[in-house]
Amino acid sequence: MSLHSGKTMPEQGLETLSHRLRNTLTCDEEDSDINVNKPDFRELDLGSPVSPLRTRNGGGHAATTTSSSSSSSGSVSGRTLPGPNPNIPRKSDTNPKSHSGELSVESSPSPARNFKPGHTRSHSCGSNQLFFSGSGSVNSPSPNVIPTGNICPSGRVLKTGMASRSTKPDVLGSGCGNYGHGSIIRGGLASKPGPDSGPTNYSRGLMVGGDPGKRTVSCSSNDPEELKRMGNDNYKKGHFAEALTLYEKAIAVSPSNAAYHCNRAAALMVLKRLGEAVRECEEAIRLDPGYVRAHHRLGALLLSLGQVENARKHICFSGHQPDPVELQKLQSVEKHLNKCTDSRRVGDWKSTLREVDAAIVCGADASPQLCACRAEAFLKLHQLDDAFLALSNIPKSVPSASTHSQAKIFGMLSDAYVFFVRTQVELSRGRFDSALTAIEKAGQIDPHNVEISILLNNVRLVCRARARGNDLFKSERFTEACSAYGEGLRLDPSNSVLYCNRAACWYKLGQWEKSVDDCNQALRIQPNYIKALLRRAASNSKLERWSEAVRDYEVLRRELPDDNEVAESLFHAQIALRKSRGEEVHNMKFGGDVESVSGLEQFRAAISSSGASVVHFKASSNVQCKQISPFLDTLCSRYPSINFLKVDIDESPAIAHAENVRIVPTFKIYRNGSRVKEMVCPSQEVLESSVRHYSI
């Protein structure tokens with residue numbers, strides 16, 4: 001697609017952004033913080049002092065764990081376990097601000113969390129890990145990890161490597177039935193409640209030792225971590241609206257968790273609610289200023305919105321390596337925006353359009369300001385329809401976030417620039433009140449900008465000149481009205497409406513040549529301006545420039561097919577054109593009905609008349625003939641310069657035989673008695689196209 005087509009480009013950009021976000025939703029254990037475009041997966045923190053299952057403490061020292069169980073099966077003492085390899089660094093040692101949300105990615109305790117003395121946080125990096133799911137089941141530990149608590153009903157502690165690995169999951173008992181709290185039950189019985197909902201019905205939460213009411217890590221719908229996990233699952237499956245709802249529920253339970261806000265931002269991004277996504281990232285950073293992923297995600301969002309300087313602050317977050325892909329996009333967008341600014345400053349609008357399109361392609365694909373810049377360039381290149389289309393494609397759901405409302409483009413505040421461009425487009429279309437409203441809003445946003453101040457003053461003066469000219473025209477003071485419209489054009493030389501209004505004054509004053517000139521100016525700015533076409537056609541008719549008048553009236557007939565006044569004007573202009581060429585014109589009248597012909601001599605006389613004749617050969621019993629007959633009546637009113645005839649072949653077999661008609665409906669077009677076109681069972685589109693061609 002051509003970059004200068006005037007069609008919307010941000011829609012394609014948003015789809016690309018959504019696709020990238022979805023594809024990058026992976027669980028990267030080693031670099032979870034710099035992957036910007038995926039939600040955080042924070043593991044369930046089971047580092048509780050009440051848990052009899054404790055992993056080893058980090059570092060190179062051996063960890064000694066001691067526990068006693070309330071189970072009737074007996075108790076055991078802990079044993080010294082070998083520590084991890086000190087030569088293998090853990091991520092928690094190097095990234096204290098990690099907000100990993102991946103289910104298998106370790107997350108160090110955040111300073112915001114308050115742990116009681118004796119709490120131990122589980123780690124998910126390294127070997128010999130214990131992973132906990134929201135369903136109340138746990139995977140078996142590695143052979144060299146001996147958890148405390150009741151291991152089996154006998155209370156005997158199995159030595160490392162004594163027992164073979166069971167294929168069934170190990171489940172922490174809830175204290176019901178035959179097992180005490182903290183017991184590991186082989187076969188996953190605790191996770192499958194039986195048909196009886198009595199005392200042996202197990203809770204979905206993890207019950208570990210002591211009072212069940214106080215020692216439950218709930219994974220129900222009120223657990224924010226479980227809600228986030230479910231949201232992550234829905235996100236991966238592409239169910240973004242469902243994921244958003246779950247993230248919002250998690251935030252409602254725990255509003256101070258930065259990861260939940262960052263995940264909600266990811267879902268909002270793919271749902272194209274970018275303004276809300278920006279605010280969610282800002283909230284995550286407010287809660288945790290060192291949250292790297294939130295910074296990178298916010299940087300990517302701001303780059304997409306075209307806010308290069310603000311994006312740089314977050315993509316190149318101090319102390320962390322930027323994402324190379326986002327950094328390259330940032331540099332490319334910045335390069336093209338700089339060239340765009342230089343081109344706009346010197347009025348090179350073709351180069352401006354080229355550079356702004358390149359910036360959009362490189363990554364600023366959801367920027368309202370760049371859409372507005374395209375509209376401004378199209379307007380200056382007198383492509384008003386493309387300008388209006390570009391302006392209408394500005395995303396209306398991307399308000400500037402509060403902390404970035406001071407971003408600038410071309411020396412003015414970004415939000416003000418959008419209204420600045422809208423003012424110019426509205427003014428060129430003759431929407432003076434809308435233009436005044438838009439420029440006043442721009443002035444409120446950026447009251448000190450020189451360009452805005454100048455345009456605001458000009459719009460007010462143009463609106464005043466137009467209102468004065470209209471009043472003078474209504475009073476039939478046409479000469480003074482011409483002067484008033486001229487004053488408005490001096491301030492706004494690209495205003496097609498003022499040119500057209502002044503043309504009406506020249507027409508009333510009998511100065512048709514000046515009227516044609518002003519209509520030409522208006523149509524140069526706005527090629528499909530109906531009023532300008534009407535006034536130019538009327539002025540050319542007064543100047544007896546019949547060929548030009550017919551050309552304009554034919555365009556108007558296509559635009560206004562049901563306008564009888566235009567149809568009659570076209571008819572008279574065509575008659576005058578034929579007379580000016582020396583052609584004989586007889587028996588031509590405007591607005592005739594489809595004439596029925598029954599005799600052969602009558603038929604020959606009818607098709608020999610001047611101009612073109614369209615003959616419909618039909619049969620009363622034929623369904624297709626009945627269906628197309630009303631359309632022929634419509635064509636008769638649309639093309640009054642053509643003679644429309646109809647012949648029933650059952651009633652007039654002599655005409656059918658002479659014209660060799662065997663199939664109906666058949667249409668034949670004659671010019672001065674000679675057949676020039678024949679159509680058998682044509683569609684309405686084909687029939688009208690042929691009629692239009694021979695009406696010229």
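**Entry 1: helices 12 and 13**

I began with helix 12 (residues 384–392) and helix 13, which pack at an angle of about 140° with their axes 10 Å apart. For my own reference, helices (H or I, at least four residues) and strands (E, at least two) are DSSP runs, numbered from the N terminus. Axes are lines fitted to C-alpha atoms, for helices over the stretch in contact, and angles run from 0 to 180 degrees between N-to-C directions. That angle makes helix 12 oblique to helix 13; angles under 35 degrees count as roughly parallel, over 145 as roughly antiparallel, 65 to 115 as roughly perpendicular, and the rest as oblique. The crossing of helix 12 past helix 13 is left-handed (the near helix is turned anticlockwise from the far one by less than a right angle). I then listed who touches whom: Leu384, Ala387, Phe388 and Leu391 of helix 12 meet Val421, Arg422, Val425 and Ser428 of helix 13, contact meaning heavy atoms within 4.5 Å. I sorted this contact by class and got six nonpolar, one polar and one charged residues. Ala, Val, Leu, Ile, Met, Phe, Trp, Tyr, Cys and Pro count as nonpolar, Asp, Glu, Lys and Arg as charged, and the others, Gly among them, as polar.

A note on the source: this is a predicted model, where local features need pLDDT of at least 70 and side-chain atom pairs count only at pLDDT 80 or more, while totals for chains, interfaces and linings use all residues. Residues are numbered from 1 along each chain as its sequence is written, and side-chain values use heavy atoms, with hydrogens and water left out.

**Entry 2: helices 19 and 20**

Next I looked up helix 19 (residues 530–542) and helix 20 (residues 546–559), which pack at about 150° with axes 8 Å apart. Helix 19 and helix 20 are therefore roughly antiparallel to each other. Their crossing is left-handed. Among the residues in contact are Leu533 and Ala537 of helix 19, and Trp546 and Tyr553 of helix 20. The class count for this contact is ten nonpolar, two polar and four charged residues.

Asn672 belongs to the loop between strand 13 and strand 14 (674–680). Cys681 has a positive phi too, near 50°, and I placed Cys681 in the loop between strand 14 and helix 25 (684–695).
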